[in-house]
Amino acid sequence: MMQTKQLYFQNKINDPAIKEAASYIQSGEVVAFPTETVYGLGADATNNAAIKKIFQAKGRPADNPLIVHVAERKQMVALVEEYPTYVDELMKVFSPGPITYVLKSNGTVANLVTAGLETVGIRMPSHPAARALLMAANRPVAAPSANLSGKPSPTNATHVKEDMDGKIAAILDGGAANVGVESTVIDCTGEYPVILRHGGVTAAQINEVIQVETKQIKASNKPKSPGVKYKHYMPDVPLILVNDVTKLQEIIQTEQAKNKRVGALVSDQTAEKIKADKIYRYGKDEQEIARNLYNNLRQMQVKDVDIVYAEKITANTIGYAVLDRLQRAADSII
Ligand code: TXA
Ligand code: MG
């Protein structure tokens, strides 16, 4: 066990919290920091020993590569081979922001970062604390989401503390993450970009810049984005995703008849009509649903419920990313 320092981002010039967090990164330690999507678990992307500590703290499988975070385009260019011109077009519109570009690595990042792949995922976060930390550390920072492997991603410093206290040097608290789901991962090694993971930037937004394909990622046979084959985002109790909301009340009652305490994750509209042992609310629109999602999943605890049934949401924008995470979090879909 190590003492995990709590640092508070104040968004000011020469912020002492940023200075201290950056010094940990520079000395090869791991620091959790806020981004606009979720909190990240950061370490020097050029230092293999530091990267190893990330994998240990998370309990992450070694074949799942990390995203490298940079403050400026030129830091990205320093890490990769020549890339297609559409990357710069996309960057002009979406970076800084919740999008990760998978590009050919030039071998500068530590080999543990890429898990032996020839590519590296790079992202320029927009959160002011992330940007300040990256500037102060003055190097690329590799960071997966700051949760224990398999658990829902953290969207505030309390979530990070639950999973990482005693395991990392420091947590930089910058308040709640605004987007709430991770970045869109987009393969930019081919003639056209391909979405590997839905996220904060939607396929429709990308399509306005350049035609993008979404690769159906299956849990089996060598997915191009290794992380998607693992069980993810699991709450502490079983979660069942229900396609037909009109069946929800009946399903809940059947379970309650078996002496189970049943939770329901539902829209405000459904919450008006439904009776359950505990109601978890999605929020009012797709943005809010995304922002609340991981906190909702983390609130599903054995002390309150034995099982939770989730209403399927309709997805038009960031809801696609939410649905993707719900499907991965769910024990089954009925
Ligand atoms: O919003 C985010 O992306 C957050 C914040 C902290 O930046 N990070 C994040 O990292 O979600 P992580 O490690 O939880 O998820 C990274 C995903 C994984 O599915 C991983 O397999 C994929 O990106 N990935 C990373 N490098 C890749 C590469 N070179 N090729 C394909 N997929 C890659
Ligand atoms: Mg993650």
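**View 1. Lys151, Glu162, Asp163 and Arg298 are linked in a network of salt bridges.** A salt bridge here is a side-chain nitrogen of Lys or Arg within 4 Å of a carboxyl oxygen of Asp or Glu. A search of the whole structure gives 20 salt bridges. This is a predicted model, in which local features need pLDDT of at least 70 and side-chain atom pairs count only at pLDDT 80 or more, while totals for chains, interfaces and linings use all residues. Residues are numbered from 1 along each chain as its sequence is written, chains are lettered from A and ligands numbered from 1 in the order in which they are written, and side-chain values use heavy atoms, with hydrogens and water left out.

**View 2. Aspartate 44 and arginine 139 form a salt bridge.** Their closest N and O atoms are 3.0 Å apart. The pair links distant parts of the chain, 95 residues apart: aspartate 44 is in strand β3, and arginine 139 is in the loop between α6 (128–137) and β7. Aspartate 44 is buried, at 4% relative accessible area, whereas arginine 139 is partly exposed, at 25%. Buried means under 20% relative accessible area, exposed over 50%, and partly exposed in between (1.4 Å probe, protein chains only).

**View 3. Lysine 284 forms salt bridges with aspartate 285 and glutamate 288.** The closest N and O atoms are 4.0 Å apart in the pair with aspartate 285 and 2.8 Å apart in the pair with glutamate 288. Lysine 284 is exposed, with a relative accessible area of 63%; aspartate 285 is partly exposed, with 30%.

**View 4. Eleven strands form an open sheet with mixed pairing.** The strand order is β1-β8-β2-β3-β7-β4-β6-β5-β9-β10-β11. At the edges are β1 (5–8) and β11 (213–214), each of which pairs on one side only. Strands (E, at least two residues) and helices (H or I, at least four) are DSSP runs numbered from the N terminus; two strands pair if DSSP finds at least two bridges between them.

View 5. Histidine 69 stands opposite valine 141 in β7.
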